[in-house]
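Here is a short report on a few side chains and how they sit in the fold. Please keep the structure open while reading.

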Amino acid sequence: MAEDLFPHLKWEQLLAATQETLYMTALSGVATFVLGIALGLALFLTARGGLFHNRAVYSLISLVVNIFRSIPFIILIVLLIPFTKAMVGTILGANAALPALIVGAAPFYARLVEIALREVDKGVIEATRSMGARLSTLIFRVLLPESSPALVSGITVTLIALVSYSAMAGVIGAGGLGNLAYLEGFQRNHSDVTLVATVTILLIVFIIQLCGDVITSLLDKR
């Protein structure tokens with residue numbers, strides 16, 4: 001029955017492409033989360049009214065974040081080809097997509113982190129500071145826990161963006177479902193392959209969104 005509906009689809013290719021997409025999304029997602037938290041904290045702490053207010057540092061970090069956040073992803077991949085080749089040794093395959101995915105998504109998530117931290121009750125922050133708490137205590141016991149629902153919501157949006165980025169990267173040889181849809185589907189005029197690859201991407205997105213919503217609701221104390 002499946003062979004009749006999808007005559008050109010090779011299920012082992014679909015499985016391999018799905019695994020590559022999940023691999024790219026997971027690894028770049030972890031790196032994006034860590035870098036985004038670090039950049040977001042730096043922006044929050046050096047902003048006006050922050051603990052380490054420094055206009056020059058804030059402006060520099062903000063400029064870098066804005067630049068990389070604004071570059072269209074397909075152009076960013078091309079710009080990072082020399083860097084990618086130096087790091088990975090190739091510009092093809094799932095690993096070659098990781099630098100562009102991380103550089104493209106981390107600044108985006110950093111802004112969401114900064115916004116989330118700004119929503120933390122300033123009274124709680126001041127109370128913690130008045131008790132002589134160290135910076136590490138303030139960050140890991142107050143700022144991150146209090147903003148955790150927004151942080152999870154933000155990384156959910158970012159992971160969904162990473163799925164779409166990985167699909168774009170697949171068009172130029174990064175592998176995954178985007179590569180399957182383009183090479184085996186579009187270029188060979190196999191619409192069934194394109195359809196199944198697209199539906200699989202949508203399923204991944206729906207699962208990510210569902211998991212993010214559930215975790216956010218569990219963390220939200222309001």
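The model is predicted.

**Aromatic pairs**

A search of the whole structure turns up 2 aromatic pairs. One of them joins F73 and Y165, and it is stacked. The ring centres lie 4.5 Å apart, with 5° between the planes. Planes under 30 degrees apart count as stacked, so this pair qualifies. F73 sits in helix α4 (residues 73-79) and Y165 in helix α9 (residues 148-174). The two residues are 92 residues apart, and their pair links distant parts of the chain.

**Accessibility**

| Residue | Relative accessible area | Class |
|---|---|---|
| F73 | 6% | buried |
| L98 | 13% | buried |
| I75 | 42% | partly exposed |

F73 is buried because its 6% falls under the 20% cut-off. I75 is placed in helix α4, but at 42% it counts as partly exposed.

**Around L98**

L98 belongs to helix α6 (residues 94-118). Which residues does L98 touch, leaving out those up to four places away in sequence? They are Y23, M24, L27 and S28. L98 and Y23 are 75 residues apart along the chain, yet 9.6 Å separates their C-alpha atoms.

**Nonpolar patch**

I74, I75, L79, M168, V171 and I172 make up a nonpolar patch on the surface. Together they have about 480 Å² of accessible area. Helices α4 and α9 each contribute at least two residues to the patch.

Methods: Residues are numbered from 1 along each chain as its sequence is written. This is a predicted model: local features need pLDDT of at least 70, side-chain atom pairs count only at pLDDT 80 or more; totals for chains, interfaces and linings use all residues. Side-chain values use heavy atoms; hydrogens and water are left out. Rings of Phe, Tyr and Trp (its six-membered ring) pair if their centres lie within 6.5 Å; planes under 30 degrees apart count as stacked, over 60 as edge-to-face and the rest as tilted. Helices (H or I, at least four residues) and strands (E, at least two) are DSSP runs, numbered from the N terminus. Buried means under 20% relative accessible area, exposed over 50%, partly exposed in between (1.4 Å probe, protein chains only). Contact means heavy atoms within 4.5 Å. Patches are made of residues with over 30% relative accessible area and no salt bridge: like charges are joined within 9 Å, nonpolar side chains (Val, Leu, Ile, Met, Phe, Trp, Tyr) within 5 Å. Accessible areas come from the Shrake-Rupley method with a 1.4 Å probe; for residues, only the protein chains shown count as cover. A salt bridge is a side-chain nitrogen of Lys or Arg within 4 Å of a carboxyl oxygen of Asp or Glu.
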